[in-house]
Each structure stands twice: as structure tokens, then as C-alpha cells.
Amino acid sequence: MSERIVVDPLTRIEGHLRIEADIENGKIKDAYSSGTMVRGIETIVKDRDPRDAWVFVGRVCGVCTSIHSLCSVRAVENAFDIVIPPNAEMVRNIMTAVLYMHDHVVHFYQLHALDWVDVVSALKADPAEASLLAQKLSPWPKSSTGYFTALKERLTKFVGSGQLGIFANGYWGHPAYKLTPEQNLIAVAHYLEALEWQKEIVKVHAVFGGKNPHPNYLVGGMPCSIDLNEANAINTERLDLVKQKLQEAKTFIDQVYIPDLLMIANVYKDEWSKLGGGVKNYLAYGDFPMYEYGETDNYKMPRGIVLDRDLSKVHPVDANSPEEIKEYIYHSWYNYTQGDKAGLHPYDGETNLNYTGPRPPYTHLNVEDKYSWIKTPRWKEEPMEVGPLARMIVAYAAGKEPQKSLIDDTLKQLDLPAEALFSTLGRTAARGLETKLTADWALEFYDRLIKNLENGDSRMVNHYMWESEAWPKHAQGVGLTEAPRGALAHFIVIENNKVKNYQMVVPTTWNASPRDEIGKLSAYESALIGTPIHDPKQPLEILRTIHSFDPCLACAVHLYDEEGKYVHQMDTF
Amino acid sequence: MEHKRPSIYEECLQKGISRRDFLKFCTTVAALIGLESSGVAQVVKALETKPRLPVIWLHLQECTCCSESFIRSYHPTVGNLLFDNISLDYTETLMAASGFQAEACKEETMKKYWGEYILMIEGSIPTKDEAYCCVGGKSAMQIVEECAEGAKAIIAWGNCASAGCVQAANPNPTGAKAIHKLIKGKPLMNVQGCPPIADVMTGVIVYMLTYDRMPQLDALGRPKMFYSRRVHDTCYRRANFDAGLFVESFDDENAKRGYCLYKVGCKGPNTYNACGIIKWNESTSYPIQSGHPCLGCSEAGFWDMSPFYKRLPDVHGFGIEATADQIGLAVGAATVAGIAVHAVATNIRKKELIDNDEPESKSTV
């Protein structure tokens, strides 16, 4: 007889995720992933000026901020055949690289680390031992005995105050925590340092986009003008600020993030390189064009699909093909005019809501029926995992450098076979490795920008097709990118100068979606099957695997319904 | 109070932060929330003697940009300290606990600090069907009603909680509503913006810690210390507006020179926010400085002020610009003519003020 456990809210993610899991003989037998919030942004964009769309859809997510805006301006540029100037391409690359660095570091320390790091255990650390260990792991200068002594004291006082704040009620002392007190203390130190550091790197977004979260973009280029001889434009002072932040970021990632990742991986590798693999197909659209967005061969991250973990072949993907990507709603709270078993390509996507779940407050969802606001996307009827692991696997299978060598070296360092990639640990490690790469690439993009300026090209916007008078009566386009959490596509149909249809197929939709009609599981649900649960009241193991995907639910659910069923209004203001 | 909590100053000492640094922090905070130098002592006293403020932070229909902005708060060493010195007992984004243990954190805080805790809300409430937003099996409305009852005050973060934001834009498919439309009988403050500036968020918290009351609010429930000035009036490009120097299209010569963005859609003239004063990300920049028009994100309903790249059809400001634009509209002038009239009118008005030796603030309201 199995026992159903519920984790809701699943915290340290973006948005509202609920996991229900059936436990039998100490292992997860089946699992159900549900998105429990809906807003309706795609509908709100309809009938608006396509040049405005990025502002709306950018607000899909404030954690992976900027990437939906980028994807949206690319969709419009694709619809109107606009090629942006090289400077704008490099500035966009730098901004996306900055997002990766920020998002992955914050994910590792603020969202994921507490699954591996026992904060309370750090109280037992010997600061001198911690210092020795830290200096062995990395040249990072904040590693003295005094530094760790002060931190330990600060932590002791904090715990002693009785107000544990965000650290209250963690699964502290759970036997699945394996780090030594000294390792835990080092990780806590870097948790706090990362919180300070993350404010620095996003200044790059402020320079080019005016603010972060939610920096500004522009159809046709970027809104920030560059002029090396003007006080109000992006000039040498601004560019130096950018360069310095990129260099500091590289140092932090190389000297703090990567050593910590390897330290943690070494301790947990025996168990967690074998758990949490899930679906065996990996999809990446690729990104970081070295020249033009349209030239996919020059992407730093290659495009393609790996099927059934066969690393000998990379399959092509065509987002425009009506035969490839389709969205299903068999277990999602929607209906289609063609019936609940139909699959629709995003250009023809429908958004008719049909909530059939229990009325809140509820204790369990009816998982036999519909149970999520997330639709179920499929590529040629197959579920796909997307995200850092998918990107690294596609690059590895394609023999792309420097990804391949970096993966091989890391596996060697950890004494693990290539199969270890297909796991919870593989996912967490892939995220770290690509952060290291984006830190290097960001400086490369910066150098290319400077070179271009040196050659006398300071253009930032292509005005071709800015004015609506030039637009065709009907146009459609797709914007593709890699959000930190995985493959992201925006589809736009423009008619009579207005948005006629807008659809987003986002990373967490691929990963967190419910099973399809024939019972094929998507990535989250599949990755949980077979995971041992030590204590059903403290399902730390579920958090480890789900967090390894870095869930982002606001993105995953963005559909709506016109039909109001219930209005709860206490007062008007 | 059954539980003796250390004051913020005591915690500073415990954390090895010197009194000198502590006083420096207080001065920064005092300056930030617009106090005279004499107010510094008050901040010092408040932080020295008051215990950590228990906080429940709810996430409803939102994108988490407010939480992201909040962690960008910038006071070296003490930004971190401030984060520690409210006791953030429930926040889905950062808390270690999940599932029923997370719910338990919330319930314990409500029980232990009934009438004392601050309820901070990120996100709007769907009213067309409560199932549009559920956490832990409860609907957003049920959770807010539960948590609001014992709260000392409510802070509505950002445009979502203050005005419904993007999901409330036409046709507002989920019936998204601001908190103040649904909850009454509690002191409530709307800290506007999409998201609000990080230091604005921490600024209002410090104000409440210091004075044990809400800051003065404007008619829309926004703290006046950050939302009493138009972006237009505090814009470093304002002189270009007055002189009639405008960006005609993005990345043109005028854009490079940093001329006014009014003609490419800047909503600065009817937006009240501190972007031009505090700026973003440790004063690195703000949208206008980086070449993009202000979108007006701290105003209710700004989403439906689109298309964004058109000049405002109507400027709902006070003072001479409104008059100028009305003149422009009255003569049926096109954009360019309107602005020309505006600029001329502004300068005539200025000349009058100077000739008559009048203070501008008195005579223009």
C-alpha cells in the first residue's frame, strides 16, 4: 500500500509548485507535478502594438528577468526580417550572460544549497580547520581562521536569538546531509557572500537596460546609444564599469562557485549521480551568436536534440514545423475545440480554461483527471528535458568545444563515467560548468563590442521596419533563446499592425508539465520515480531533485480564462 | 511579549559591526528616507532599542521581481544586516522549509506575534476564480484573509499588489485585483513600481522600524518620501525638455546627446517615483539614463497607457506642462507643434517668474 505525500508550497523556487508523491517501500512509486497559479499574459498581449509586447511578456518572470523580453523582440524581428546591428547583438549577449551568472549563482546558493548544506551543523565547525580546507580548495582570499571564527560567532548568535527567520524549520539534522561541519561553514560563508555579490553583477543590466529587475529592450536593437565622445551615452566610463563587473564575476565563479560545487559533488556523488535522471531526451535551441542571431552555426551553445541518451547523434529541431512541437492539455485545466486529446502547434495555440480541480481549501488533487495549470509540450510526441544539462548534453554530443573538454575534465576529476551526467547531480554540475563558460564568453563578447567600436561602428538600432507603415498585413515569427532554465520560444502572429496571437513555450512547461494522454511522464515527475525517501515527513530527497531543475513556475503558466465562476470581493476602494 | 528579542543594535554588536558603522548606516538610512540631520538620532534610537520585526511575506499572482529587487538592497554590510534584522519568518522564495513545515512557520509567527507582525504581499489576488492562485491547497484570498487579521500593517509590494499590474491589464482575464481593493480595516501601504527600487523597499521598512508607524502616504497609498515627485521633475534630461531638444528616433544623434525622450513615449511627466533621485542598482543608472523612455511602472493602469512609444496623448501633471499641453491640444496641433508651444509657454512662464521674483513652487500649483 502506498502513502501519498504532498509538498506544497515547494519553496526556494520562483512561483507556485505542488508535488504529490506516492511512496511505497521507502521509494517514490509515482509523482505528480502541479502548477497552481495562472495569470493570462498571452491574452493580454493580444491586440497590442507588437513593439510593446516585450514589456508585457518580460513580466512573465522577474527571476529570469530580461530573457522573455529578448525572446519577444527576437520574435518580432523574425516576423519582420530585421537584422540588428553587431553592437546590439553583443550587448544582448552580454546581458544574457550576466543573467546566467546571476541566476545560476543565486540558484546554487540561495535556492539549492540548503538541500545539501546543513546550516545548523556549521555551528560545530572548527574555524581553523575550515580555513585550512578553504585554502586547499581555492585561492579565494576570504578564508582566514578569523573570518570563519567571526562567521561562526555570528551564526551562533543568530540561532541563539530564537528568531530563525528564513532558516526556521529546515530539515536540519536529516541523515541525508553528509557534509562535515567545516564544509557546511564554508558553504554558509559563501551563501552570504553570494547574496552580496549578486547585487554587483546586475549593474551591467542597469548600464545597458536602465534597471534590474526588468531591464529595457527594443525591437531592432537596444535602447542605449553608444558614443565614446558623449557624456550621456554609453561611453568609456560605462563600458569600464561593465568590464570590471564581468571580471569580478569571473573571479567569483572560478574561485567560489566552482570549488564549492566540486566540494559538494565529491561528497554526494555516489548516490546522487545515479538518481534523478528522468526522461532520456534533451532539447536545446542554443544561443549566444558570435555574429548574427540568424547564423545558428556560430552559436556558443549549439542547437539540437539528443534522443534516448544516445550521445552519438544530434537531431535537428525546427520550431516552425507544425509536426514537431505541440502542446497537449489532457491533464491540464484547459480544453481544446478539437477535444482534449489534440495537440496544437503554438501558432494555432488555444487557451480555453477549464478548472475541474477541487475547490480550495483542498488536501489532494485528483491526479487521475486534470491536475495542473501547466500544459504538456511534446517534440514529435516525446517528452524533453530542457535546461543546463540539456544544453551541455547537446553540446557534448555535437563534440562542441570548450563544452566537451570541460565536461570530460570534470568527470575525470570526480572520477565519474559519462552516464553520471544523467542525474540530479549531473544537472546541478552542468549548471555550474555553463556558468563558468558564460563568464568567459561575456568577456569575449565585450572584447568584440570594443573591437567593433574601434572600427568605427557605433550603431545600436536598425530602424528598418520600426514604423508600422512598412509592415505587411500579415506576419508571423518565432523568437528562440536559452533561458537559464532551458529552451524558450515565443511565437507571434501579427495582423493589421497588431498582435493577433502570442504563445510562449517555456522551459518549466517542458520540465514541470503533467503526464500526457498515454501516460508518458515529463521531466520532474519522471526524475522522482525510484528515489528513496528516508522520512516521508521530511522529503529532502524530493527537494534535491526538483531544485536541480531550478523551477520557475510564473513562466510555466501564463494562460487564462474569460469565464468567471466566483467573485470574492469584500469592498471597493 | 512572551519572547525577548535582541534589538537591532544589539545584534549589530553581536555580529561584530562597530558602533561607528552602525551610526553610518543610520545616517544613510535617515538621508534615504528624507530626514533632516536631526532625525538621525531618532533612527539610531529606534534601531538600538527595537527588536526584530516579524514579517510574513506572501507570494500570490506575481513574477518574483519584487523579491529579486529587495535582495538588491544596497547598504554595504548593513544591507545584509537589514535583511537579518527583520525576521523574515515566511517567504517562499528564500525560506529553507517547504511544504507543511513552511506552513507551520507562518502559523507560528501569526500565533506568537499576533497583532505585531507585518504582512508583506507580492502579487495580486484573482477574483474570477479563486483556483487561479492556490498555495498549500488554499486560495490566495483565503491566505490573505487569514494572514491580514493579525497583522499590524500590510505592505503591498510593487504594482501587482498595489494595482494588479500586468495581469490586470485589459482584458484582465483572471480578474486580478490589488490588495487594498479586497482587504480593509488595516493600515496598508502601496510600494509601487515594477518592481519598486530596492532601497525604496528597505527605506519604508526602516521608517516603520524607526517610528513604529506608516510613513505619510499620498492619495494612492504610496509613501510620499519616494513617490511625491514626478520622474519628469527630477529628470537630469529635464533641461532638454524645457529647451525643446528631443530624441526623434532611437539611436539618432539626439539620443547620443542625451536629449529628452518625451517624443518617443516617455511617461515621466505623469509618473511619480524616485528613479531620477535614487536611481537603480546602487545608483548605477535608471531607464531614461540608459536611453529608454520611462514606462510609468509605478502608476496604476500604466499597462493600458500603450502604445508605449507614442507621446502621451494627455499629461495628467500639475503645473505648467499640463497647461502647455492643453494649449497644444486646444489649437489642434500635431506632436511637434504641441511641444514647440509647450517649450515656448514654459519659457514665457519662467521669464514671468523671474521678472516678478516669485518662487515657482508657489505660483504654479
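Author: In chain A, an open sheet is built from 3 strands in the order E1-E2-E3, with antiparallel pairing. Strands here are DSSP runs of E with at least two residues, helices are runs of H or I with at least four, and both are numbered from the N terminus; two strands pair if DSSP finds at least two bridges between them. This is a predicted model, in which local features need pLDDT of at least 70 and side-chain atom pairs count only at pLDDT 80 or more, while totals for chains, interfaces and linings use all residues. Residues are numbered from 1 along each chain as its sequence is written, and chains are lettered from A and ligands numbered from 1 in the order in which they are written.

The edges of the sheet in chain A are strand E1 (3-7) and strand E3 (27-35), and each has a single partner strand, so one side of each is left without a neighbour in the sheet. From one strand to the next, the twist averages 20°, where axes are lines fitted to C-alpha atoms, for helices over the stretch in contact, and angles run from 0 to 180 degrees between N-to-C directions. E1(A) pairs in the antiparallel sense with strand E2 (residues 17-24) of chain A over 5 bridges, and within this pairing Ile5(A) has Ala21(A) in E2(A) as its bridge partner.

Turning to the helices, helix H4 (residues 86-112) and helix H7 (residues 181-201) of chain A have axes that come within 9 Å and cross at roughly 160°. H4(A) is therefore roughly antiparallel to H7(A), a word used for angles over 145 degrees, whereas those under 35 count as roughly parallel, 65 to 115 as roughly perpendicular and the rest as oblique. The crossing of H4(A) and H7(A) is left-handed, which means that the near helix is turned anticlockwise from the far one by less than a right angle.

On the H4(A) side, Val98(A), Met101(A), His102(A), Val105(A), Val106(A), Tyr109(A) and Gln110(A) meet residues of H7(A), namely His190(A), Tyr191(A), Ala194(A), Leu195(A), Gln198(A) and Ile201(A); residues are in contact if their C-beta atoms, placed from the backbone, lie within 7 Å. Sorted by class, this contact of H4(A) with H7(A) has 9 nonpolar, 4 polar and no charged residues, with Ala, Val, Leu, Ile, Met, Phe, Trp, Tyr, Cys and Pro counted as nonpolar, Asp, Glu, Lys and Arg as charged, and the others, Gly among them, as polar.

Key. Two residues are in contact if their C-beta atoms, placed from the backbone, lie within 7 Å.
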